[in-house]
Amino acid sequence: MWKNYLSDCHKNNRLSGLSVRIAAFISALLLSVLCSMFYNLWKYENERIALEESSGRTAASGGAFPVLVLVMGLASVSLIVIIHNAFAFTMSGKIRQLGTLSSIGAAPKQIRACLLREAISWCTVPILIGNLSGILCSMGLLRLINVLADGVPDRHESVFGYHPLVLVLTLVITGLTIWISAWLPAKKLSKVTPLEAIKNTAELQLKRRGRSPVLAFLFGVEGELAGNALRAQRKALRTASLSLSLALLAFTVMLCMVTLSQLSTGATYFERYQDVWDIMVTVKGESVEAFGETEKIRELSGVENAIAYQKAMAKRIVAEEEMSEEMRDLGGFSHAGEEDVMRTDEGFLVNAPIVILDDASFLAYCEQAGITPQLDGAVILNRIRDVTNPDFRHPEYMPYIKGESDTSVLRQAGREESMAEIPVLAYTDKVPVLREEYATIDYYEMVHFLPASLWREVKGQIGGCEEDLSVCILSGEDPTAEKLRALQGEIDRLLGSRYTTVSENRIQEKEINDRQIQGMMAIFSGFCVLLAIIGIGNVFSNTLGFVHQRKREFARYLSVGMTPGGIRKLFCIEALVLAGRPILISLPIAILAAWAMLRASYLPMGDFLARAPFIPVIVFGIAVLGAVAFAYYLGWLQVKRINLPEVLRDDSML
């Protein structure tokens, strides 16, 4: 009997399970992509570790498994919440049939098992197709990642891999997700008594009618009727409303976040340093005082300037009487955290980063800063920002110390008893032309600039030097990507025979950054489209099935004088409200989120508005509106083919 029942359900209700099949397909697709991509991430990490160990470098594990468990858990719970309503709506359409079965002796356990078997029969094929589609999508995503990450230093190309256990894991997780989503409404429906089920007319009912003053004012009687119909379908359309709202909100917030990120990166990095560097070379395991190729780099055709430098970390005591008056008025070190400044008997122990320049570059820096060029002392960056002003985008600076002492005592970090007294050539607020930022995390650090020849004398007492050397290279005017790549190749050939180097150029790095942002947008947009498809699938299922549920409603409208044109207007209003409500819900939230992100970034409102993603958001909203309108148009075509006045006398279509 149950086999015949399931067979009849599939023959006579081909459209009733459309939203379930779509939801099952999308959930299988999403979970397959997640499992496949995490497997390939784990595979890539193992390959990276093997390559680093074979080259003698220390490798660190990425620890992807806990992240996989967390993401898969969140994804499954989210899908259960969304898909549950699709099952509930589809199963509730069979409540009279279930009541009939219950009245002839079917137990609640049997009814529940029947509903679950029907759900499995609906979802088996979509799950298999979704998993296979997810594997293909993962291959495409991995290829996209390889393209976007092309040129990233120390990265090897990722080769797609797939293990049978990944397929088993994906099928198990997808099956559990679908099973729980179907079991919840099946359990509820199996408890409905035969009398309650048989009394159900399969017609949309309102427990209490309400008014829709806005719709009534805008569209008249049809607007009032559309409002009541939407309230009656509230549970059936919950999946659509939730999915479309989340899709529109996530899409809008994602575009705003990416726009702000691009503006911030451009202002603080690419635009800020475009006249500072064109090529950066990292020389592995080399010291600035021993590196002798800087002058050869400067002599290359197309090179305007080259600065070799290295960084070290030291400590310095700032005595109470050394602080400038502006610093005292600011509160001194009262705003500093213990990790940045330590109070001692002698004063305040602060971080003192050291930037060691090659001798020629140090002399040029002194001349640029208006200091008598010498190699027997250090230059101290004597400025500190107003730490009480949170606007990091437009900092206000003031003198750090009075700058009266002609020496500075630098101490070894961690071994403060080891120290060196260094002559001070000058205190200044000017910095060398380098791609470096100072005092952005620790506002109280006091930066010292030293020539390489002086560092050679004091490094034994101070220590703390980084292992690698950097060379900042500025090319001529209007460099192109081709010119920089050619110059980069010359530098690599010059240094490659003696040193291990990693180089990058400014234009190529911007291209990589742009490709990574585009890839991130493509992936996230795909997720938003999946959410929208779940909602639109629910709308299609509802509209294609409402001939059965709403035929009495339409017949009554016709019997009191409403024309088919009036019913068509009713459909248009419902489609407009159903698609417009998620827009009205998500838009204010997205605006508030964008405003909060804009305030946190301290970017000008005008800059954001000039590049705000109005067109993509409008296109996405129009696409959603068009899809919902098309679903209602298909429903209208079904309504036109039925002789609705006969419905009141003929109930055979139930």
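Is D514 buried, exposed or partly exposed? In this predicted model, D514 counts as partly exposed, at 26% relative accessibility. Its side chain meets that of K510 in a salt bridge, with an N to O distance of 3.3 Å. K510 is likewise described as partly exposed, with a relative accessible area of 38%. Because D514 and K510 are four residues apart in helix 16 (residues 506-559), about one helical turn separates them. A network of salt bridges with shared partners joins E293, K296 and R498.

In total, the structure holds 18 salt bridges. One of these is formed by E289 and K459, whose closest N and O atoms are 2.5 Å apart. This pair links distant parts of the chain: E289 lies in the loop between strand 1 (279-283) and helix 11 (294-298), and K459 belongs to helix 14 (residues 452-462), 170 residues apart. E289 counts as buried at 14% relative accessibility, whereas K459 is partly exposed at 36%.

A further salt bridge is found between R411 and E346, the closest N and O atoms being 3.4 Å apart. Here too the pair connects distant parts of the chain, with R411 in strand 8 (residues 407-412) and E346 in the loop between strand 3 (341-343) and strand 4 (348-357), 65 residues apart. R411 is buried, with a relative accessible area of 10%, while E346 is exposed at 54% relative accessibility.

Methods:
Residues numbered from 1 in each chain as written. Predicted model: local features only at pLDDT ≥ 70, side-chain atom pairs only at ≥ 80, totals over all residues. Heavy atoms only, no water. Salt bridge = Lys/Arg side-chain N within 4 Å of Asp/Glu carboxyl O. Helix = DSSP H or I, 4+ residues; strand = E, 2+ residues; numbered from the N terminus. Buried < 20%, exposed > 50% of the residue type's maximum accessible area, 1.4 Å probe, protein only.
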